[in-house]
Amino acid sequence: MIKNNMFKLCGFGLVTCLALTACSDEFLQDKQNYDYVGSEIYNDFEGAQLRVNDIYTRCLPDANSGANWRNTSTGTADELAKCTEEYSGFGEFVNPQVELTINQGTAPTDYFFGSMNNVRENTYGHIRNINDAMAGIEGGSLTQEQKDELLGQLYFFRAWRYFNMVKFFGGVPIVTEVLNPVEGVTNARSTTKECIEFILDDLDKAAKMMAASTMESSPEWGHVTTGTALALKGRVLLWWASPLFNRSNDQTRWQKAYETMKVELDSINACGYGLYNESNNINGSAFANMFNQRGVNPEAVFVTLYNNSNIDGDPAKNNSWERGIRPANTSGSGKTASAMLIDLFPMADGKRPNTSNTYTKLDVSEYAYDSEHPFMNRDPRFYRTFRFPGFRWAYQGNATVVEDNPNNPSYDNGTNYELWNYVWYTTLEDRDNDNSTNEYAADNLLTSNSGVMICKRSDDLDINSTPLYANFDATADNGGFCYSAAPYMEIRYAEVLLNLAEAACGAGHLDEAVGYLQQIRERAGYTAANNYGLQANLASDQAACMSAILYERQIEFAYEGKRFDDMRRWLLFDGGEYFDEIPGAPATWNLTGWNGNTCTWLGFKPMNGQRRENMEFRVNNNYNDGLGGTTYDSDPLLEEERCAAVDLRQDLASQLETLKTWYDQHLVRKMKKGDSRDQNQVNLYMNYRPKYYILGIPRGAQSNMKAVEQTIGWDDYNNGGANGTFDPLAEE
C-alpha cells in the first residue's frame, strides 16, 4: 500500500519550500523559530510537510554511523557491537582494564545528550524542534485530516528520540513544550515508568493519526506509518517486560506486551508489511535479497532511504555499507567476523553446533561441527552472512578497479568475482604467532586481508541483477562502492514477529511463540519436515523456548545492530546476579525473577570471562612451510589449480565437499588474536560491570541540566562526584 516514491529530505533552513508554496519570502522573516521557519509555512500542506521532512533528516537512523546520542547501532563495529559476539576487540563496556566513570578517568560515549547549546546537535534540541513543529501545525489552518497525517509522524519521532534515551538511562526529563534553547532543560528526571507510558502514549497517538493516510491510502515510500508506530510500540513494551527493567518478572508486563502486540499485528499487516520472500528461495537467497529492494519492501517497517547520486545539484545521500564490507581488491575495505559468532551459528538442521556450549538448553545438531571447515552443513543464513576463501561474491564492476591497480584480479569486471583471501607468512616465527600481522593474502589483497569476511546485507550480483550502487570506480575521489542506494531497515517485519514470539513466551503462550519462530525459520529455508529445525520441547519448556527465541534473534539480526540491546535487556553479560555490588543500589535492584540469574535460567554462557578471537585460513606447511614473499606473485599456491568457487545459486552439497577437499590439500585454519592482551601478552577477558546496564548521565548534560539527578552507581558532576541518587527502577 506504500507508494514507490522516495521523498526528498530537506536540509537546514527549509529554503526549498519557497518553490513549493504560494507564500512570499516574508514568512521566513516573521515569527521565526530556531530553524528559520515562520508560522505561515504551517498554513500550506507542502510547506508543513517539508518542515516534517526536516525532522526525518535529523532523526532517522543512519547506516553510515556508529551508535551515539543521535544514532542507533546499525551493524558497524562500533563500541556497542564490539561488546557482542559479532566483533572482537574490546568495546568500551567490556574492557577489563578500564572502569568507566563520569568525571574521573574514562567516560562512556554520550548516548544521551550531544553538544551543549546547539539545538541541531542535541537530543533535546531535536525534541524541541519536534515540539515546535507540533505547535505550528496545530496552530495552522490545515484541515484536521492534513494535521493528523503530519502530527502522527511527529509523535512517532518524539517517541523514537525518547526511547533511545530511556533504553540506556531509564527515566529522563520529559519536555512537551517549546523551550528557548538558551535556557536549557530545567525539568527533573521522570521515572522510567512515566517515560515508558509517555512513549507508548505518543505511539498510540501516532498510530491513530496516521491511520487514514497509511492504512486507508498509500503513503510515500520511506515515510513512517501506523504500522511503524505499532512496531516500535512492541519493541518498547518488550523492553519494559525484559529483566533489565522487570527484575521480579512481573507477569502483568509480559501479558500486556503479548496482548497488545497480538491485537496490533493486524494493523501492522494492513499497512502492507510482511516477511519478504521470493518464489525461488535458494540457499537463503530471499533472506539476502530483502536488503537490496529498490522499491516498496514489505519487510521494511522502519526504513532509512538512500540514493546513489553523486551529481551536483542532486544531494547525495549514499549508503557506505557495501563499500565497507567488500574486499580491498575491489576497492572496499572489508569487515572481519569474530570466530565466536561463526562457531555458534546453527547447523543445517537448525540446531546448535556440538562444540558450542552457549545455549545449553537447546538441542545439539546431528551434524558434527568441523572447525577446520566451518562452512560445512550450516544454516542457510550462514552463507549469506559470511564469506570464506573459495566463495563467489559477484558485482557489476568497472575496469578502473583493475586499471587503478593492474595486479587486482578482474574476474570479468566483477561478474565472476571469487574471494580467495587465504594468507601466508614470511617467517616461521610469524606463521606460528597468533598475534603476527606480517601476513599476506592472495589475489593482491596482501596486507588488506580481513580473515573471514562479513557479507551480510551485500548487494550481491548473483541475487540482484540490478545493483543499487552507481559504480565500482576505484578512482573516484572517495573510492569505489561509495554511491549505494541500499535502504537501511531499523525495524524489519522479522523483528515484529520475534518481538511477539518473545512476549508470547514470557506470558506463557509457548505454542504461539513457536508458531512465530516457525515463520522466521521457513523464510530462512527450513521446512515442516523437521519442524523448521526447532526442537520438540519448546512448547512445553519456557526457558528453552525463550533461549530459542534469543538464539534466533542473534542469527536473524546478525550485523544489524540489535545484539547489544538484547544482551542488555536479558542481562547476558553476568546473568544479573551482581547488582548488590553497585554502591547505593537498593534491594529492589536485585534480580528475583528467573531464579535470580537469567543466564542460568536460559542455559546461556555469560559473556563475562570470555574472549573473542578471529580466524583465518593460511597456506599449510606442505607448500614451502606456508611461507612466501610480500608481493602478490609470491603466493606459495600460485602454481596450484584452484577448485571452482562455491556458487550459492546452485546446490551446495557437492560444491562444499569439493572446497573442503581443496582446503585439506592446501589450507589450515589459524586462530588469530581478537580481544586484547595485557603488556605481558597475557589474555584479557570481557568484564561488563553491573552498573553499565543502566548508564549515568554524561557530564556535559549534567553541567547544562542542573535539575537532572545522577543515576545510582555513577558519580554526580553537580555534587562533587558523590554517588548518584536517581533510582531508574523506582516507579514513584
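**Ground rules**

I noted that this is a predicted model, in which local features need pLDDT of at least 70 and side-chain atom pairs count only at pLDDT 80 or more, while totals for chains, interfaces and linings use all residues. Residues are numbered from 1 along each chain as its sequence is written, and side-chain values use heavy atoms, with hydrogens and water left out.

I counted 20 residues in its lining, and N283, A348, R378, Y383 and L652 lie nearest its centre. The lining divides into 11 nonpolar, five polar and four charged residues.

I compared each helix with its expected span, which is 1.5 Å times one less than its number of residues. Helix α3, residues 144-169, has 26 residues and reaches 36 Å from its first C-alpha to its last, close to the expected 38 Å. I noted that 21 of the 26 residues of α3 are buried, where buried means under 20% relative accessible area, exposed over 50%, and partly exposed in between (1.4 Å probe, protein chains only). Just after α3, G170 takes a positive phi of about 75°.

Helix α13, residues 510-524, has 15 residues and reaches 21 Å, close to the 21 Å expected. Among its buried residues I listed L510, Y516, I520 and R523, and what covers the buried residues of α13 includes α6, α12 and α14. Just after α13, G525 takes a positive phi of about 130°.

Most residues other than glycine have a negative phi. I therefore looked at W594, which is not a glycine but has a positive phi of about 55°, and which is buried, with a relative accessible area of 6%. N595 also is not a glycine and has a positive phi of about 60°, but N595 is exposed, with a relative accessible area of 72%. I placed N595 in the loop between α15 and α16, and W594 has its place in the loop between α15 (563-569) and α16 (598-602).

**A contact across the sequence**

S248 sits in the loop between α5 and α6 and is partly exposed, with a relative accessible area of 47%. I found that S248 touches T592 and G593, leaving out residues up to four places away in sequence, where contact means heavy atoms within 4.5 Å. The C-alpha atoms of S248 and T592 are separated by 4.9 Å, although these residues are 344 residues apart along the chain.

Notes:
Helix = DSSP H or I, 4+ residues; strand = E, 2+ residues; numbered from the N terminus. 1 Å grid on protein atoms, 1.4 Å probe; cavity = no way out; pocket = protein on both sides within 12 Å on 5 of 7 lines; lining within 4 Å. Nonpolar A, V, L, I, M, F, W, Y, C, P; charged D, E, K, R; others polar.
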